[in-house]
Amino acid sequence: MRYREIIMANFMRLFSLIPLILIALLLTRPGLAQETAEIVCIQCHSGLPEIYSQPIRLWRGSIHAENDIACHDCHGGDPQDAANAMNPQRGFLGVPQEPDIPAFCGRCHVGVMRDYLASAHGLALGRGGPTCVTCHGNHQVLKATLELINEKSCSRCHSYERARTIRAAMQETEGLLVATETRLNDFKKIGSNTEKLEKELFSLRNSFHSLFHNVNLETVNKQAARIQLELKKIQAVLTEWDQAVQRRKIAGALAVSVMLLIALLAHLVRKTYD
Amino acid sequence: MTLLKKIVDWIDLRIGVREIVRKELTGYLLPRNINAWYSMGSILLVAFALQVLSGILLLIYYVPDADKAFKSVSQIMNEVPFGWLIRMFHAVGSNMMVLALLLHMLSVLLMGSYKRPRELNWLTGFILFSLVQGISLTGYLLPWSQLSFWATTVATNSASAIPLIGPYLVEFLRGGVLVGPPTLGRFFALHVAVIPLLIAALIGAHLFLLKRTGVSTPPFGQPETPIPPPADSYRYEDHPGGIPFFPNYALEDLRSIALYLACFLAVLFFDPYLFFPKDAFIPANPFVTPAHIKPEWYFLANYQTLKLFPNELIGLSLQGAAMTFLALLPFIDRGRQRHPLKRPLFLACFIAGLLLWIGLGIWGHYS
C-alpha cells in the first residue's frame, strides 16, 4: 500500500507539471493580437461633422490604406500627439493648392510626376488642366489601372475618342500583366521564390503605368509591345515551374503505387502463413 | 555452404545471433487475435525515424538566424536539389505523425490496453504525445514566416494568464519581451536537440515497458474467457500457441507501414499545401499582424476552447485538468473489463469526447 502511495505521489508531482507544459504548447485566440493603435488624426476626424470625417471614410477604401499609407504620410504633422498633430513646426502641410498637387503627390510618385508633367495634362497645369486628383481621386485613391481611362472621367474635360484608342492599345498588355501577377501569386503561396520575377514585374508595371499619361499613340504601341515581350519571358519561366509541378505529381503517383504494391504483397505473403 | 551462412555462423559463434532471432523474432509469440491497430507503434517508429532523417538533411542548409532563416528555407525549397521534397517531407510528416499518434492512443483507449499492469506504458505514451506536440510547436517557428512568428507570439502569450509568474514565464519562453531572435535560438535548440533526445529516451522506455509487460491481448476477436484476477507479483503476459512476430506479424507491420507511406506520399505529392495557410510563405514581419492566425489542426480544439471562455486562465486550467485526467486515466479507471461494449459508460465518454474534440476543431477552423 505504502509503495503504491509513493508511486502515486511521484506521478502527481510529475503531472503537476502538465499545465506548465500545456501553456507552452497551446495556441490561443487571435483576439490577443491587438490592432495597431489608431493615429490621432483618425481619432479626432472620425467624430467630426461629415465634411471633416468623410476623408477618413474615403481613405479606408483606398490603395493608400491598403498599403498602410496614412494621413500624416501625405499631410505631415504628428500623428501621435493630438495637440500638435496639425502644427506646421511638426511638418504639417495641410491641403495643397491646386497647382501644388503634382508636387505634393510627386514626393513619393517621382516617376509618375515626371511623366505627368511631360504629358498634355501636365503641360496644362494651372491653365485648367487636370491634376493627379482629377482622375485618381484625392482620398479614395484608386489603384492605377486602365479602368481609370473611361468615357465618364475623360468626357468631363474633352472628347473620349483619342483616349479610347490609347486604352484599346494597352488593353492586351494590361490583361497579360494581371494574368502574370495572378500566376506569380499562386506560386508565391506555395513557397516558390518569386522575388526576382516579382521585381521584374514591378518594373514592367511601372513602365506600363508611365504610358498612362502619354497621349502619343505610336509611343504607346511601341512601349506596350516591348512590355508584352518581357511579360512573355516571365510567363515562360512560370510555365517551366508548372511543368516541374506536373513532373512531381507523376513521380508521386509512382511512389504511391510502389507503396500500395508493397502493402498488397505483404498482405498476400502474410495470408500464406495462415 | 553459402557465403552468407558462413558469415551468420561466424557472428552466431560470437554473439549467439540465432538465439536472439529465435527469442525476439520467430519465437516471440503474439496473441492469435491481434489486429492491425497493433501496428500503429511500428508506424510511429518509422514516422519518427523519417522525421529525424529529413530533419538532419534540412539542418545542412537551414540557418537558425532571424535574418536568414526564412531565406534559407526558401533556398531549400527552390535551389537545393530535391530540397522542396525534403522540406515538405518533414512538414507533412510531422502532421502525419501526430495523426498516427492520435490513432494509436485512441485504439489503446478503446481496447483498454492502458489498464493494469500497463499504466506505465500509457504514461510514457502520454508524455510522448505531449513531447510530439512540443516538437511540432517549436518547429513551427523555425521557417520564420508570418505564420511562424504570430502563431508563436500568440502561443507564448498564453502563459501570461498564469497568476504571478505569467509575465516572467512569457519572457523566459521568448528570451525577451517579444518574440525575436532569442526565441528562434531557444526553439531551435529545443526542436533539434532537447525534445528529440527526450522523445528517443521515452520511446526506449515505452518499448522496454512493452517488452517487460508483454503485448496485451485484444479484448475482442476470440471466444470469451473469464478475466483473470490481478497478479500480486510481476508476471509477463505471454501467448502460448500465438502467432510468431516474424514472419507473421512483421508482414502485417510491413503492410500497415506501406499503407501509411502510401497515404503520406499521396498528400506529399498531390496536396502538400494541405497543412499550409498562405501566411506560411510570407517572411515574418513583427509590424504587420495577419488577420486570422489559426493554429495547426491538432491544436484547433484547444484554440476554440480558449476562445469560449472570457478568462484565459479558466480555459487553460480546464484544458490542463482534462489532460491531467487523461494522463491519469489508468489510475482512475481501475475496472478489469476491457471490452468496449461491456464498458458502456466509458464508450459513451469516449465517443462524446472524440466528437467534442472534432466539433471544437471544426468550429475553431471556421471561427
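Which residues in α3(B) meet which residues in α10(B)? In this predicted model, local features need pLDDT of at least 70, side-chain atom pairs count only at pLDDT 80 or more, and totals for chains, interfaces and linings use all residues. Residues are numbered from 1 along each chain as its sequence is written, while chains are lettered from A and ligands numbered from 1 in the order in which they are written.

On the α3(B) side stand B:Ser42, B:Ile43 and B:Val46, which meet B:Asp253, B:Ser256, B:Ile257 and B:Tyr260 of α10(B); contact means C-beta atoms, placed from the backbone, within 7 Å. Four of the residues in this contact are nonpolar, two are polar and one is charged (nonpolar: Ala, Val, Leu, Ile, Met, Phe, Trp, Tyr, Cys and Pro; charged: Asp, Glu, Lys and Arg; polar: the others, Gly among them). The helices (DSSP runs of H or I, at least four residues, numbered from the N terminus) span residues 40-61 and 245-270 of chain B, and their axes come within 9 Å and cross at roughly 50°. Axes are lines fitted to C-alpha atoms over the stretch in contact, with angles from 0 to 180 degrees between N-to-C directions.

Chain A brings 38 residues to the contact and chain B brings 52. On the side of chain A that touches chain B, α14(A) gives the largest share, 14 residues. That side of chain A divides into 26 nonpolar, six polar and six charged residues.

Back in chain B, B:Ala100 is in contact with B:Met40, B:Ile43, B:Leu44, B:Ala47 and B:Tyr260, leaving aside neighbours within four places in sequence.

Methods. Helices (H or I, at least four residues) and strands (E, at least two) are DSSP runs, numbered from the N terminus. Two residues are in contact if their C-beta atoms, placed from the backbone, lie within 7 Å.
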